[in-house]
Amino acid sequence: MDAEFHFAVAEIAIALAGFTGLVAGLSGQERSGGAHDYHGLLNILISSGCALVFALLPTALVDAGMDVDSAMQISGLVLGVLMVGIIGFYTALARRVRPRHPWTFWSLLVVGLLISCGLVLGSAGVLDIRFYSPQLLWLLAVGFAQFFSFLMLRWGRPRET
C-alpha cells in the first residue's frame with residue numbers, strides 16, 4: 001500500500017469537490033440544464049467522495065490493527081462491488097437522461113466497469129493483479145471529466161442559435 005499516493009488522491013478528491021461547489025455557486029442557480037446538471041453534480045460528488053473515502057480506508061483499517069494485505073483486500077472488494085453497482089445505476093439512468101457527451105460517457109463507463117470487475121477479481125484472489133490504484137484514478141478522471149464539462153457549459157463560448 002502506497003500511503004502517500006492514497007493521501008494525494010484524497011487531497012485531489014477534496015479539491016475537486018470544493019472547486020465544483022465554487023463553480024456551482026459562481027454560476028448562479030439557473031436551472032437551464034435541469035436533470036443533466038443535477039446528475040452531473042451528483043456524479044462529481046459520488047466520484048470524489050468515493051475517491052476520498054477509499055483512498056483513506058486502507059490506512060484507517062491498518063491503523064485500527066488490521067494487516068496491510070487484509071486491509072487492501074477488504075477495501076478493494078467493497079470498492080469494486082460498490083463501483084459495479086454505481087456503474088449499473090448510471091447505465092440505467094442514461095436511458096432516462098441521455099448523456100450530453102455520449103462518447104465520453106460510455107467510454108468512461110466501460111473502462112470503469114472493466115477496472116471494477118478487475119478490482120473485485122483481484123481482491124478475491126482470482127487474479128494476481130491489483131486494480132486499487134487504477135480504480136482511484138478512474139474515480140478522479142470521472143470527476144474531472146464532469147467538472148470540465150461544467151466549465152465548458154458555464155463559461156465556454158455561447159452557441160449560436
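Which residues does Phe105 touch, not counting residues up to four places away in sequence? In this predicted model, Phe105 lies in helix H4 (residues 102–123), and its contacts beyond that sequence range are Tyr90, Ala94 and Pro99. Phe105 and Ala94 are separated by eleven residues in sequence and by 9.2 Å between their C-alpha atoms. Tyr90 and Ala94 are both among the buried residues of H3.

Helix H3 (residues 68–96) packs on helix H2 (residues 35–63) at an angle of about 170°, with 8 Å between the axes. Because angles over 145 degrees count as roughly antiparallel, the pair H2 and H3 is assigned to that class. Residues contributed by H2 include His39, Leu42, Asn43, Ile46 and Phe54, and those contributed by H3 include Ala71, Ser75, Leu79, Met83, Ile86 and Tyr90. By residue class, the contact of H2 with H3 comprises 19 nonpolar, three polar and no charged residues.

The length of H3 agrees with expectation: at 1.5 Å a residue, its 29 residues should span 42 Å, and the end C-alpha atoms are 42 Å apart. Buried residues of H3 include Ala71, Ser75, Gly76, Leu79, Gly80, Met83, Ile86 and Ile87.

The largest nonpolar core contains 24 residues, and those with the most contacts inside it are Leu79, Met83, Leu136, Trp138 and Leu139. At least two residues of this core come from each of helix H1 (3–26), H2, H3, H4 and helix H5 (132–155). Trp138 touches Met83, Ile87, Leu108, Val111, Gly112 and Ile115, with residues up to four places away in sequence not counted.

Definitions and conventions. Residues numbered from 1 in each chain as written. Predicted model: local features only at pLDDT ≥ 70, side-chain atom pairs only at ≥ 80, totals over all residues. Heavy atoms only, no water. Axes fitted to C-alpha atoms, helices over the stretch in contact; angles between N-to-C directions. Helix = DSSP H or I, 4+ residues; strand = E, 2+ residues; numbered from the N terminus. Parallel < 35°, antiparallel > 145°, perpendicular 65-115°, else oblique. Contact = heavy atoms within 4.5 Å. Nonpolar A, V, L, I, M, F, W, Y, C, P; charged D, E, K, R; others polar. Expected span 1.5 Å × (residues − 1). Buried < 20%, exposed > 50% of the residue type's maximum accessible area, 1.4 Å probe, protein only. Core = buried A, V, L, I, M, F, W, Y, C linked by side-chain atoms within 4.5 Å.
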